[in-house]
Amino acid sequence: MRKRRILRIILISGGAAILVLAGLFAVAWALTPIPDETQKQATAQGSVIYYRDGKTVLARQGVDRRRVDLSQVPKHVREAVIAAENRSFYEDAGVSIKGTARAVWSTITGRQLQGGSTITQQLVRNYYSGLSQERSITRKFKEILIAMKVDQSKSKDWVLEQYLNTIYFGRGANGIQSAARAYFGKDVEKLTVAEGAYLAAVIQQPSRFADPKGSDLAAARARWQSVIKAMGQTGALAPEQVAAQRFPELAEPKKPFELKGQAQYMLEQVTAELNRRGYTDEDINSGGLKIVTTFDKKLMQAAKRAVDEVLPDNTPKKVRTGLAAVDPATGEVVAFYGGKPSQSKYYDSAFSAKVMAGSTFKPYTLAAALDNGFDLSTRVNGNSPLRVASAPQAIPNDGGRSYGQIDLVAATQNSVNTAFVDLGQKVGLDKVAKVAEAAGIPASQLEQHKNAAAFPLGVASVSAVQNASGFSTFANKGVHMEAHVVKSVTDAEGREQVVEPVATRVVSEQAAADTTYAMQQVVKYGTGTAARLYDRPVAGKTGTTDDSKSVWFNGFTPQLAVAVDMFRDDNATVTIPGYGTQFGGQLPAQIWRAFMTEAMAGKPVEEFPEPSDYGWSSGYSEPDHDRDEPRQDYTPPVEPDWDRPEPDPEMPFPDDPTQDERQQPDDLGRSGEPPVETGPPELDEPDQPSIQEDERLQEGRPQDTGRGRERQPTA
């Protein structure tokens, strides 16, 4: 009787306990929903950055994961994972009672026993937010509840697809697609049975089996063999298939993606532009973006080659060289050279470095004048020195040389300082600044200089990219296309966003054509002859600042605008042993020519637009005198003799910048007599120098040590 009573009490207590546990389970079930958010790391996909062809990889950023649909994963690969991790996957309720009990006991005792998590439980732990990786009864119980709910609400195929895309396989590879590439150098669709079995074996110990050697290799082979055997036991493989399998050959682990050379600077600029366009660093590192840049790999190599081959080996380390190439029609920066990353890791010479523009700024002044009522026949004061009320000191030309009343073509060709200061005063410095800003030079870089009389002479600092972009305006018939380095961005869902650069009408088409014509004379007959291309027209402008602290050549064809600058990181004079103090028409022009010779090879020859009539006229249209600008005295130019022949465009030019640029070798390579330049005739003005003058004289720089240097007066 007593035993019955005890038994009854036990049964009642047990029943009550079961009811209580059931009630607690019901409460826990109700209070444990499937999390709304996934762990960012579980779904993060790194972005791949490509050159402009959209195929050649420039860099990879973020997590190495490429999602694939379950249908892309071969059946034998799926069966290998199931055989290795959860043979009852398609039959269980998302949890394994036996395995869970084993795992709970492992947690309680602290012993490292075999894991008991199903594929669903592993997914829940790694996929959803709110579940930590700590070992605790509470966390394990929560994992079980969520796994059961997921099993009820999601299909088994959905669970398996997320699992295969989430799990870590070692070698930095997240997900089955990245793992296939990392271990076997192929896409997941092409994995063999043996290869799929190895990836399934790796899941258990990804770090140990990533690159197994010695005892680790023996363990990896044993684990792989157990997976193959398990596939035979589940019926995934027939006995003869099991016997036929051989341990696969693993690819050598790839070193972490390392940016080399200019790629470091390219990635920096791409990231900065993406940030400006609204993409966060998180988007870039985990959004699975396909980013196509504007950079042409071959032209990038050509830019580096041009610098390396032209500059001598003994170039001082403090000398920096920047090159930038911009497509005028699109604004795309197709190539650049930013210097040696070993010398300046985070500060490149093409985008970041900004130095005084020197005389390469004069075309913006010329364009502003031509767009505001002046023409190529307009005469300006080329005498030296020139006194301007707003300047504390008189502004000189090179060596005090006077050019008299000079037209805008000759002023540009000979880079006459006083002529452009006078022109700036006549057209209005605010209009010059407006043109420069519309052509892509930020207002912040112009603001402190735009009221200075020397503003037209390039006292503002610009980067090589900004200056190339500015000159691309003239090549593009007066329309500036926003400079950019990203062509398109495609997100993980396949939605593509093509970058549409801002187009700005800077000056009229005719003003651009006339500005270009004047700059053609610079290359044909003036300070930039070292930049001539033998098969096509070129327009450009040299620039040399006070004491040669920065030297430039900036030029273009109708298809490509390129700027080259040289400067020192200590702001000292740019001097190259054996070549002396540098000027824009020397090494910068030679680098420009070397790059453009390669860049334009095979490209069709395109002509520049025709300029306005240039010669005798009964007068020119005076600017609107209602504007706040002084009137100008007009002197008609001497009518040019258009029958005079131009120099032979096939005549080679010296690569040795120490040779007087007037001394051109003959077509046999021997030093010959200086050819007679036959450009537009000199004007009948007092003190007009010959257009064959040495580049150092033509640049409009004062002599202070026996060599001419262009002076940039300060405000």
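1. The protein has 24 helices and 18 strands. Both kinds of element are DSSP runs numbered from the N terminus, helices being H or I with at least four residues and strands E with at least two. Keep in mind that this is a predicted model, where local features need pLDDT of at least 70, side-chain atom pairs count only at pLDDT 80 or more, and totals for chains, interfaces and linings use all residues. Residues are numbered from 1 along each chain as its sequence is written, and side-chain values use heavy atoms, with hydrogens and water left out.

2. Now for burial. Of the 715 residues, 54% count as buried (under 20% relative accessible area; exposed is over 50% and partly exposed in between, using a 1.4 Å probe and protein chains only). As for contacts (heavy atoms within 4.5 Å), take those between residues at least 6 apart in sequence: 71% of them join residues at least 24 apart.

3. On to the rings. A search of the whole structure turns up 15 aromatic pairs (rings of Phe, Tyr and Trp, the last by its six-membered ring, with centres within 6.5 Å; planes under 30 degrees apart are stacked, over 60 edge-to-face and the rest tilted). One is Trp 224 with Phe 247, edge-to-face at 5.6 Å centre to centre and 85° between the planes. Trp 224 belongs to helix H11 (215-234) and Phe 247 to the loop between helix H12 (239-244) and helix H13 (263-276), so the pair ties together parts 23 residues apart in sequence. Trp 224 and Phe 247 are both buried.

4. Phe 556 and Phe 608 make another edge-to-face pair, with 5.6 Å between centres and 85° between planes. Here the link is between distant parts of the chain, 52 residues apart: Phe 556 is in strand S15 (550-556), while Phe 608 is in the loop between helix H23 (587-599) and helix H24 (695-698). Phe 556 counts as buried because its relative accessibility is 0%, and Phe 608 is buried too, at 9%. Both belong to one aromatic cluster that also takes in Phe 361, Tyr 364, Phe 455, Phe 471 and Phe 474.

5. Some rings have a charge over them (NZ of Lys or CZ of Arg within 6 Å of the ring centre and within 35 degrees of the ring normal). The charged end of Lys 154 sits over the ring of Trp 158, 4.8 Å from its centre. Lys 156 has its charged end over the ring of Phe 89, 4.8 Å from the centre of that ring.

6. Finally, check the backbone. Which residues does a cis peptide bond join? Ser 384 and Pro 385, with omega about 0°; Pro 385 is in the loop between strand S7 (379-381) and strand S8 (405-407). Arg 171 has a positive phi of about 55° although it is not a glycine, and its place is in the loop between helix H7 (156-166) and H8. Asn 571 also has a positive phi, near 65°. Asn 571 lies in the loop between strand S16 (561-568) and strand S17 (575-576), and is partly exposed, with a relative accessible area of 47%.
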